[in-house]
Amino acid sequence: RRKVMTSSYHRISFNRKTRDECIGKVVDILKDIPAETSLVFCGISGMSIGFPVADETGRDFAVVRKAKDQNHGESKIEGEINDTYVIVDDLIDSGETISHINNRVLDAFPDSKCIGIVLYYGMKSLKIHEGIPVFHC
């Protein structure tokens, strides 16, 4: 049997059962958010949850590259975003990832507005981050 090396919060992404449960919870949260609201996510764990959620809900989405990503892509953000968007992320620790995502989105889509953050790992007590409502799975 193969073993997977991963950090603790990536266990959600790499375990099919917990990933599927998480996707279902994010989809449930999004039922209360207007359907035209886009999704934005970043990194491996963000994509492992964000892509299937976007598929299941039919929402437009964009992927923001991590701050120090050195891949071959030219764009720092790829995808489609409507006037409003929700960030889908694992947790808020320092808040740097959320700020990074918002800055990248606003650079590319200056008329867009973040109306929520959906967290699928930890920090259940946080209700607002920088004036943006936080939803928890």
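Mentor: Before we start, contact here means heavy atoms within 4.5 Å. This is a predicted model, in which local features need pLDDT of at least 70, side-chain atom pairs count only at pLDDT 80 or more, and totals for chains, interfaces and linings use all residues. Residues are numbered from 1 along each chain as its sequence is written, and side-chain values use heavy atoms, with hydrogens and water left out.

Trainee: OK, what does aspartate 89 touch, not counting residues up to four places away in sequence?

Mentor: Aspartate 89 touches Thr97, Ile98, Val118, Leu119 and Tyr120.

Trainee: And is aspartate 89 buried or exposed?

Mentor: Aspartate 89 is buried, because its relative accessible area is 4%, and buried means under 20% relative accessible area (1.4 Å probe, protein chains only).

Trainee: Which strand is aspartate 89 found in?

Mentor: Aspartate 89 belongs to strand E4, residues 84-89, where strands (E, at least two residues) and helices (H or I, at least four) are DSSP runs numbered from the N terminus.

Trainee: How far is the C-alpha of aspartate 89 from that of cysteine 42?

Mentor: Those two C-alpha atoms are separated by 7.3 Å, although the residues lie 47 apart along the chain.

Trainee: Switching to helix H3, which residues are buried there?

Mentor: The buried residues in H3 include Gly43, Ser45, Ile49 and Val53, and just after H3, glycine 58 takes a positive phi of about 70°.

Trainee: And the whole chain, how many helices and strands?

Mentor: The protein chain has four helices and seven strands, and buried residues make up 42% of its 137 residues.

Technical notes
Buried < 20%, exposed > 50% of the residue type's maximum accessible area, 1.4 Å probe, protein only.
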